[in-house]
Amino acid sequence: MSVSIYPGSFDPITYGHLDIVERAARVFDRVIVAVLRNPRKAALFDEADRVEIIRRAIEEELPPEVARRVSIVRFDGLTVEAARQHGAEFVVRGLRAMSDFETELQMAHFNRKLAPGIDTVFFMTALEHAYLSSSLVKEIARFGGDVGGMVPAAVAERLRSVAAEWSGDPAVG
Ligand code: ADP
C-alpha cells in the first residue's frame, strides 16, 4: 500500500491545497494531511480548528471514494519524523511558481538526506489555483473581500465570522 503525507500550515486550507489532496489521493492509496504546529508562525486558526475545517472541507467537497483515502493528523518537528510515524514513504508538496521551487527543492534534498527512504512528490498547481495562498485569502478576508471560489465553504464561513470580529474591534479595525 502506498502512503503519502502532505504537510503544511493550512492556515486556512484553500482550493489550491484541496486540489492537491484530491489529486494525491488518486495516485496514492492513502494521503495523510499533516497540519503543522509552527511556533514561529503566528496562525489565524489554531491546529484544532484547522484540522476541523479540513475535515469538513474533505467531507463536503471531495467525492466520497477520494475522501475515504484521506486522513488528517497534527504534527510538530520534522516532516520525515511524522512520515515515519505514520508509515508514509512519500511526502506530497505543491508547486505554484519558481519561487516555490527553490525552497521546495532545498527541503526535498534536506528530507532525503535525513530519510533516504522517503521521497518527495510534487504536484503542479492547477492553473485556476496558481495565484492562491493562505496569506492572500486572509488578507482579502481581513478587508471584507469575497473569498468565494478560493476556499472551501467551511473556511469561508469561519473567515466571515473572524472578519466580523475584526470589524467590530476598534483596536484592530
Ligand atoms: P507551508 O507553510 O508548509 O508552506 P502551506 O499550507 O502554505 O504550508 O502549503 C503547503 C503546501 O501546499 C506547499 O507545498 C505549498 O507550495 C502548497 N500550496 C499552497 N498553495 C497552493 C496552491 N494554490 N496550489 C498548489 N499548491 C499549493
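How many nonpolar, polar and charged residues are there in the lining of the largest pocket? The lining has 16 nonpolar, 18 polar and 10 charged residues, where Ala, Val, Leu, Ile, Met, Phe, Trp, Tyr, Cys and Pro count as nonpolar, Asp, Glu, Lys and Arg as charged, and the others, Gly among them, as polar.

The model is predicted, so that local features need pLDDT of at least 70 and side-chain atom pairs count only at pLDDT 80 or more, while totals for chains, interfaces and linings use all residues. Residues are numbered from 1 along each chain as its sequence is written, and side-chain values use heavy atoms, with hydrogens and water left out.

The largest pocket has a volume of about 1100 Å³. Of its 44 lining residues, P7, G8, S9, K41 and R93 are the closest to its centre. A pocket is here an open set of points on a 1 Å grid over the protein atoms alone, where a 1.4 Å probe fits, with protein on both sides within 12 Å along at least five of seven lines, and lining residues have an atom within 4 Å of a point. The volume is the space filled by probe spheres set on the points, which are joined across faces, edges and corners. At least two lining residues come from each of β1, α1, α2 (47-61), β4, α5 and α6 (134-142), and α5 gives the largest share, 8 residues; helices (H or I, at least four residues) and strands (E, at least two) are DSSP runs, numbered from the N terminus.

The ligand takes up the space of this largest pocket, a molecule being placed in a pocket if more than half of its atoms lie within 2 Å of its grid points. Two or more residues of the shell around the ligand are given by each of β1 (3-8), α1 (15-27), β4 (90-95) and α5 (98-114). Of the 17 residues around the ligand, Y6, S9, G94, T125 and H129 come nearest, a residue being near if one of its heavy atoms lies within 4 Å.

| Residue | Atom in the residue | Distance to a ligand oxygen |
|---|---|---|
| G94 | backbone N or O | 2.7 Å |
| F10 | polar backbone | 3.0 Å |
| E104 | polar side-chain | 3.3 Å |

Taken alone the ligand exposes 550 Å², of which the protein buries 88%, by the Shrake-Rupley method with a 1.4 Å probe.

The loop between β1 and α1 holds F10, whose phi is positive at about 50° although F10 is not a glycine. P12 lies in the loop between β1 and α1, and the peptide bond from D11 to P12 is cis, with omega near 0°.

Conventions: Polar contact = N/O pair within 3.5 Å; in protein donor to acceptor, adjacent residues only side chain to side chain.
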